[in-house]
Amino acid sequence: MARIMVIEDEDNIAIALDYLLTRDGHEHSRLATGAGAVEAIRAAMPDLVLLDVMLPEVSGYQIVQDLRADPVLKSVRVLLMTARGSVVERRKGMALGADGFIAKPFELTELRAEMARLLEGGGTSC
């Protein structure tokens with residue numbers, strides 16, 4: 001069982017993720033805004049963060065940058081999620097230090113596969 005933090009402002013997506021994570025036996029929590037995300041990640045030290053790019057107050061890109069700049073948090077695995085799944089967006093997210101990138105809407109099998117890869121310690125993919 002992994003500890004997963006979901007940072008997602010869209011309730012319908014968060015509910016779907018909650019269902020999936022619960023069914024798969026993961027311990028998880030959710031934030032609906034980017035504000036305070038780095039502090040919440042520091043407090044929880046999750047195995048994986050499912051991070052929306054477009055969040056109120058602080059973007060997912062900024063959160064990834066902040067995590068990678070923090071010696072304590074730099075190894076926390078981050079899977080970016082965005083409705084703007086362009087190559088440019090993916091490159092930007094990976095360049096900032098995300099471990100993976102998934103475009104919304106995503107298939108649950110695709111999300112599960114990416115989560116499994118990251119939780120098993122897989123490196124970054126583009």
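Tutor: Let us begin with Glu 57, which lies in the loop between E3 and helix H3 (60-69), where helices (H or I, at least four residues) and strands (E, at least two) are DSSP runs numbered from the N terminus. Although Glu 57 is not a glycine, its phi is positive, at about 80°, and with a relative accessible area of 70% this residue is exposed; the terms used here are buried for under 20% relative accessible area, exposed for over 50%, and partly exposed in between (1.4 Å probe, protein chains only). This is a predicted model, in which local features need pLDDT of at least 70, side-chain atom pairs count only at pLDDT 80 or more, and totals for chains, interfaces and linings use all residues. Residues are numbered from 1 along each chain as its sequence is written, and side-chain values use heavy atoms, with hydrogens and water left out.

Another loop, the one between helix H2 (37-44) and strand E3 (48-52), holds Met 45, a residue other than glycine whose phi is likewise positive, near 45°, and which counts as partly exposed at 31% relative accessibility. Turning to the loop between strand E5 (100-103) and helix H5 (108-119), we find Pro 105, which is joined to Lys 104 by a cis peptide bond with an omega of about -5°.

As for confidence, pLDDT is the predictor's confidence in each residue, from 0 to 100, and the chain averages 92, with 95% of the residues scoring at least 70.
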